[in-house]
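Biologist: I'm new to this one. Could you show me the structure and then talk me through how its helices pack?

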Amino acid sequence: MKKISTNDQLNAALEFFLSNPEGDVDIKAFEAYTGVGVVVNPEDIEESVEKAISKHKDAILERRYHFNSGILLGEVKKSYKWADGKDVKSEIDVQLRDLLGPKTAADLEKPKAKKPKSTGQTEKVEAAAPKDSKAGSGEAAGDASIGSDGKVRSFGDMMGEAVRFHKTGENYKTDGYVVTPNTMSLLKEHLKITGGQVRTRFPPEPNGVLHIGHAKSINFNFGVAQSLGGVTYLRYDDTNPEKEEEKFFTAIKDMVEWLGYTPWKVTHASDNFQQLYEWGVKLIRIGLAYVCHQKPGDIKGKNPPPSPWRDRPVEESLRLFEDMKNGKFEEGEATMRMKTTLEDGKMDPVAYRIKYVPHHRTGDEWCIYPTYDYTHCLCDSIEHITHSLCTKEFQARRSSYYWLCNALDVYCPVQWEFARLNLHYAVVSKRKIAKLINENLVRWVHNLALKYYYMLFTISF
């Protein structure tokens, strides 16, 4: 016997499981929630449609086929929630044709938009306020960015319902999130630690000049947290000592504060080097990572050859990873790679590589450094980030983000992507800005007075 027979019932079933992800299924509650066993006969639909058309008959006769039949559909669904929408629509079409007859040429024409009557005065068009704003706030008409006090409103104030994130601790309700047997217990512990507080982070690499695109990311991360009563970390992603300089650390913090934000905490990826290393050992031990000797150039591009060392024995990879840590390999001679595939088809991304460069915080303690693909999600987990906000190019890493947290059985945040900010006739690339500075085409300036121009440098062509 078919129990779930309509799309509405199927959607209700999916919603039920998302809201009740743990424990045994309460069959009676499930059937009540999804309308299992409820039968809506054609006679019921016919009678309900007749009542709805009778209620709106005058408006239907006036507008004929331009009348919004969705109103009728809504009336019927109020009485018979589990009626099949297609059956209801078919019955509405039949009864409208019986009432109005065949469509005329006028019925086939698109309705013309009504023009507002001119009053002879210049009319003001008020910007739509977010639903959560208070009525009568007195915000300036025509410009939603100006508040009642005449000042520019914050990013968080202007968001309204533009951003609809999951609630803290309800990570499992988002698309693509992977639920494991330990997910719910990890989320309960996460809620104890955060107290239900929203946590975001701005995680720049301290290897170059911030540009106008970073302003969007700063505003988005801090603005979202502020609007939801949360906090934001400033976390330096300092995993590449070759390119990191103290002036970039200082300038980044100054820029965040200049934009009007105060980080809840200032942290570094390097704070977690020991924990990240121990998790790397664990990943190898459970068979989800290995030491590889392919050269960096061999694994670049779209279709690199698979690693011949992918299936090497676990104990051998553990020993070699220890050798990497102890400086027994040259740079580029060995990497530690994860056994997963990114959305763009890239297989087995590198987790650790060798660099004989002193780190600005840890000195010569380490000669292996973790990559973004390995570090980022785990630092988010350690800091109990609730909403990991990043630009769209990192969408291809979302599955590996979830995969790694779940593989190590640690709290898994949710990654949300937003569009990058690109401007014509402006340089919005740290790499390109650095090249301009290094070639003396522009001059590095760290001066508060010049921050009006935002890019921290002045042109000296």
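Modeller: Let's start with a term: a crossing is left-handed if the near helix is turned anticlockwise from the far one by less than a right angle, and right-handed if clockwise. Keep in mind that this is a predicted model, where local features need pLDDT of at least 70, side-chain atom pairs count only at pLDDT 80 or more, and totals for chains, interfaces and linings use all residues. Residues are numbered from 1 along each chain as its sequence is written, and side-chain values use heavy atoms, with hydrogens and water left out.

Biologist: How many helices and strands does the protein chain have?

Modeller: Helices (H or I, at least four residues) and strands (E, at least two) are DSSP runs, numbered from the N terminus. On that basis, the protein chain comes to 16 helices and eleven strands.

Biologist: What share of the 461 residues in the protein chain is buried?

Modeller: Buried means under 20% relative accessible area, exposed over 50%, and partly exposed in between (1.4 Å probe, protein chains only). Of the 461 residues in the protein chain, the buried share is 42%.

Biologist: Is N240 buried or exposed?

Modeller: N240 sits in the loop between β2 (231–236) and α11 (246–258). Leaving aside residues up to four places away in sequence, N240 touches R353 and K355, where contact means heavy atoms within 4.5 Å. Its relative accessible area is 15%, so N240 is buried.

Biologist: How are α12 and α13 oriented to each other?

Modeller: Axes are lines fitted to C-alpha atoms, for helices over the stretch in contact, and angles run from 0 to 180 degrees between N-to-C directions. Helix α12 (residues 273–285) and helix α13 (residues 314–325) pack at about 160°, with their axes 9 Å apart. Angles under 35 degrees count as roughly parallel, over 145 as roughly antiparallel, 65 to 115 as roughly perpendicular and the rest as oblique. So α12 is roughly antiparallel to α13.

Biologist: Which hand does the crossing of α12 and α13 have, and what classes of residue make the contact?

Modeller: The crossing of α12 and α13 is right-handed. Y277, G280, V281, I284 and R285 of α12 meet V314, S317, L318, F321, E322 and K325 of α13. Ala, Val, Leu, Ile, Met, Phe, Trp, Tyr, Cys and Pro count as nonpolar, Asp, Glu, Lys and Arg as charged, and the others, Gly among them, as polar. That gives the contact of α12 with α13 six nonpolar, two polar and three charged residues.

Biologist: And how do α12 and α14 sit relative to each other?

Modeller: Between α12 and helix α14 (residues 372–382) the packing angle is about 115°, and the axes are 11 Å apart. The crossing of α12 and α14 is right-handed. Q275, L276, W279, G280 and L283 of α12 make the contact with Y374, T375, L378 and I382 of α14. The two helices, α12 and α14, are therefore roughly perpendicular.

Biologist: What about α5 and α6: how is one placed against the other?

Modeller: Helix α5 (residues 69–79) and helix α6 (residues 85–100) have axes that come within 10 Å and cross at roughly 125°. So α5 is oblique to α6.

Biologist: One last thing: what separation do the C-alpha atoms of K216 and A419 have?

Modeller: K216 belongs to helix α10 (residues 212–227), and K216 is partly exposed, with a relative accessible area of 28%. K216 and A419 are 203 residues apart along the chain, and their C-alpha atoms are separated by 9.6 Å.
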